[in-house]
Amino acid sequence: MTGKIFGFIVAPALLTLCLPSPQALAETRGYVISWFATATYIENLKEACPDGRNGTIVDMHIRDIQSLGYTKEQATAFMNSTKDPENKPRELADKYRNSAVVNGKNVSIYSYPDAAQDPNMETVSGKYAYGFDLGGKNETSKFADPETSAKIDNQLWRAVGCEHSYLVRPPLMPYPEEVAWNIFIDSAPAWSLQITGEDLSKDGPVTVTLDRTTQHLERDAAAYVLAGTTYIVEASQRSHNVLKGEIKNGMLTITPQNVYLEGEMPHYAEIDLINAHMRLKLEPDGKLVGYWGGYLDWQRYAYMIMTRPGNDADHIGIYWALKKMADADPDPVKGQNRRISGTFRVEAVPAFLTDTKGRIIATPMGSAELAAN
Amino acid sequence: MRVRMRKVARRFLLAHAGLLLSASVSFAADASHPTSLRLNPSQYHQIIADTFGTSITVNGRFEPELREEGMEAIGAARASFSPAGIERYDDLARGIAEQVVDEAHRGILVQCKPQAATSRDDACARTFIGRTAPQLYRRPLKNGELETLVKVAGDSADTLHDFYAGLSTSLVNMLISPDFLFKYRKVEADPAHPSHLRLDGYSKATALSFFLWNSGPDELLLKAAQDGELHTKTGLQRQVDRMVSSPSLEVGVRAFFADMLGFSDFEIVSKDPAFFPRFTNRVKDDAKEQTLLTIVDHLIARQGDYRDLFTTPNTFMTRSLATLYGVALADKSDNGQPMHWQPYAFKDGDPRAGLLSQISFVALHSPAGRTSPTGRGKALREFILCQTVPAPPGNVDFKFVQDTSNPVYKTARDRLTAHRSEAMCAGCHKITDPIGLALEKFDSAGAYRTKENGVDIDTTGELSGKQFDGPAGLARVIRDEPAVTSCVARRAFAFGTGHFPPKGDEWSGIERKFADSKYKFPELLRQIAMSDLLFDVSQEEATAKAQ
């Protein structure tokens with residue numbers, strides 16, 4: 001299966017040559033990604049996580065303390081004694097962090113998660129998750145997408161969907177991602193998206209172009225991402241992706257293709273999706289809202305989680321769950337899958353986009369502004 | 001030590017406080033032709049920057065400014081200090097004085113080194129005070145003043161065992177002195193006309209420098225005052241020419257227009273972020289700056305016709321402002337670096353052109369959640385045309401005007417039409433609304449729109465018998481209104497004197513020369529600076545002198 005998946009890999013530069021130039025078409029709308037996080041679906045938790053053993057953040061800390069050799073009663077007492085009920089007592093937190101043993105030395109479990117004990121976190125056993133049919137052959141691991149009802153691959157959600165910090169609905173993000181996203185907004189270069197087509201008010205084929213810009217996102221007066229700002233698209237081809245797409249009934253989709261966008265820690269170091277799928281709804285207020293899915297490197301995802309500045313999640317549990325649920329790209333030597341099917345929820349707000357010389361290449365509403373400029 | 005220092009300084013402060021209050025009370029009594037004007041915050045900032053450099057920060061709050069007859073420069077004549085205000089200026093003074101003598105600055109700002117940092121050194125203190133006090137007081141020190149301030153520094157240094165703390169105490173005294181905080185006009189007998197009085201040279205220098213530079217006189221101007229140069233036409237011309245061609249003129253022009261356009265009200269402007277998310281704090285700051293940059297560029301750099309400020313497509317833009325204006329602006333600053341100002345020109349046919357369509361005007365004169373054609377029209381009448389619009393009666397019913405979701409009256413025009421059906425409202429709205437409605441395609445935050453509640457916005461109107469459609473049409477009509485040029489001239493005079501000019505031939509001559517120059521603003525300033533009206537001694541001043 002993975003051989004087929006990786007057969008899609010084509011250098012983005014080559015694709016650029018194959019597709020028509022966006023400038024040759026009539027209308028290009030510009031956007032910047034304004035919301036990006038793991039797609040969550042928590043409408044029927046009892047069905048999704050029937051065991052409920054992952055519990056709350058306090059339950060997680062109690063489990064961690066137990067892994068150090070304490071009884072549940074002792075661990076509970078420790079947690080009851082802390083002034084901050086959402087954190088372990090400092091001494092125990094340090095001890096837990098350094099509880100992995102490598103070459104006879106105590107080392108950080110976050111640096112050596114394979115040397116840490118698998119907490120055997122409960123994973124999702126429900127029917128639903130957002131996503132796309134990525135061609136996964138294991139029918140028993142398929143979810144149904146609540147919007148499309150299609151059978152989809154999303155083992156990422158299966159791995160993390162019962163962990164307490166993921167039990168949120170948009171506009172909330174899973175806590176570790178939310179913390180990182182708020183740093184990303186104010187510091188890391190934004191990701192841009194262009195839609196080019198002959199008449200974007202009608203159904204038809206389009207070209208979708210993804211890039212990184214040279215400037216971070218701007219916030220509006222309510223601290224959300226500001227719409228209508230101008231961003232310069234970086235000249236580097238590294239994050240330049242040109243995708244074939246289509247608009248139908250107000251929904252933008254793409255022909256599956258690999259996508260690479262350079263990111264910045266502590267948010268995602270990169271968005272690297274193999275066999276990427278997209279569906280984005282064109283909202284009346286000009287926003288795009290929808291999903292991106294594909295196969296991603298589960299270790300890079302775990303790295304993002306593990307280096308979170310505010311770390312109120314079961315990092316080790318997530319690491320092990322991802323490792324077990326990974327469903328693509330087996331290591332030729334060890335056999336361990338290196339990628340996992342997953343889906344992100346994405347929003348984008350309209351923006352002006354220019355090249356590095358300041359020439360406008362996309363406008364918030366498309367052709368009218370472009371012509372005016 | 002700090003506590004002890006404060007106690008020492010407090011003693012001196014209390015002594016000055018009485019003087020301050022009595023000064024303000026006595027001088028505030030004659031506001032029609034003031035003999036003293038309180039420094040406003042921008043002048044205070046500018047003097048500190050001119051005297052000590054821009055690395056000395058002024059931290060703290062000032063007494064609220066008082067806007068009278070449309071200008072804070074006029075209100076300054078009536079402004080005094082409240083007891084709480086004295087505390088504020090005391091805090092400001094302390095903050096400045098501590099910085100001036102701190103280890104980072106003393107090497108540059110204190111021109112000598114004491115024999116010992118732990119004790120008094122009157123000679124060194126005299127050097128610092130002897131240079132600083134005349135700059136702050138805008139005149140040479142009188143007999144005994146220097147020694148009094150040196151003694152304060154020395155006594156305080158003795159008490160605190162710290163030369164620089166002593167110097168700081170003395171500087172605090174200067175900064176809270178009425179001689180610093182008030183601009184005085186002092187009269188003397190005119191030797192050329194023994195029966196007449198005239199302003200003394202330093203008062204003339206002060207009037208000129210605040211009028212043209214919004215700051216105190218520089219050394220050359222003080223020297224000209226000392227030499228009597230400002231009492232001769234040639235000498236005055238030389239100084240005025242120098243000042244008008246100085247880069248500091250930009251400071252004065254900015255301060256004048258910030259006052260004339262009511263920009264201090266930006267401190268209380270807010271927009272509902274749910275409806276106007278693009279009106280960020282950065283936009284708020286940039287909006288003022290955009291207008292001031294436009295004005296300085298047009299009036300000074302381009303030597304443009306003042307009237308064309310209302311129609312010029314040329315302005316300056318930041319990326320944040322561009323977002324609210326709905327235009328693209330690529331800013332090549334590195335990620336995370338401050339945004340750059342860039343020249344920007346609206347295209348032919350764009351509804352934006354001139355000051356009235358800038359965010360600083362349309363957003364400043366709108367409530368937080370909706371537009372106010374009445375407020376915008378009133379502001380235009382009062383700020384730009386120097387006309388008076390009566391306040392609404394106390395029992396006015398705003399039910400139609402404020403109900404923006406009224407299913408019948410969907411646009412502001414509809415609502416105001418309904419409101420005007422009440423006879424007591426009709427009169428005033430007739431003079432404000434037609435011009436305000438021309439700006440209705442700019443929402444409360446200043447962003448462009450074409451519809452309100454789904455209905456096309458009608459921006460047609462009429463002023464002085466001339467029909468117009470939309471902001472560009474209004475701007476063209478306003479540009480040609482005679483009141484526009486006479487208003488700015490009168491306000492410029494008031495900026496320099498604290499009162500409007502008297503009617504008469506001399507003033508008419510100034511306005512005529514302004515027109516002859518094709519309304520070049522620096523020429524207007526030059527004419528006012530050269531006129532006797534700027535230095536005119538009032539009857540009250542003459543009476544005060546006689547007493």
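Strands pair where DSSP finds at least two bridges between them, and strands themselves (E, at least two residues), like helices (H or I, at least four), are DSSP runs numbered from the N terminus. The structure described here is a predicted model, in which local features need pLDDT of at least 70 and side-chain atom pairs count only at pLDDT 80 or more, while totals for chains, interfaces and linings use all residues. Residues are numbered from 1 along each chain as its sequence is written, and chains are lettered from A and ligands numbered from 1 in the order in which they are written.

In β17(A), Ala362(A) is the bridge partner of Leu353(A). Strand β16 (residues 352–354) of chain A and β17(A) run antiparallel and are joined by two bridges. Both strands belong to an open sheet of three strands with mixed pairing, in the order β8-β16-β17 (chain A). The edges are formed by β8 (230–232) and β17 (360–362) of chain A; each has a single partner strand, so one side of each is left without a neighbour in the sheet. On average, neighbouring strands of this sheet are turned by 40° against each other, direction ignored; the axes behind this angle are lines fitted to C-alpha atoms, for helices over the stretch in contact, and angles run from 0 to 180 degrees between N-to-C directions.

An automatic or database assignment sets the domain bounds. Chain A is assigned domain 1 (2–46 + 122–367) and domain 2 (55–115). Taken over C-alpha atoms, the centres of domain 1 of chain A and domain 2 of chain A are separated by 34 Å. Seven residues from domain 1 of chain A and seven residues from domain 2 of chain A take part in the contact, where two residues count as in contact if their C-beta atoms, placed from the backbone, lie within 7 Å. On the side of domain 1 of chain A that touches domain 2 of chain A, helix α10 (residues 315–325) of chain A gives the most, with three residues.

Between chains, 20 residues of chain A are in contact with 18 residues of chain B. On the side of chain A that touches chain B, β7 (204–216), β8 and β16 of chain A each supply at least two residues, and the largest share, three residues, comes from β7(A).

Confidence is given per residue by the predictor as pLDDT, from 0 to 100. Chain A has a mean pLDDT of 89, and 90% of its residues reach 70 or more. Over residues 1–25 of chain A, the pLDDT is below 50. Where pLDDT is low, the predicted coordinates should not be read in detail.
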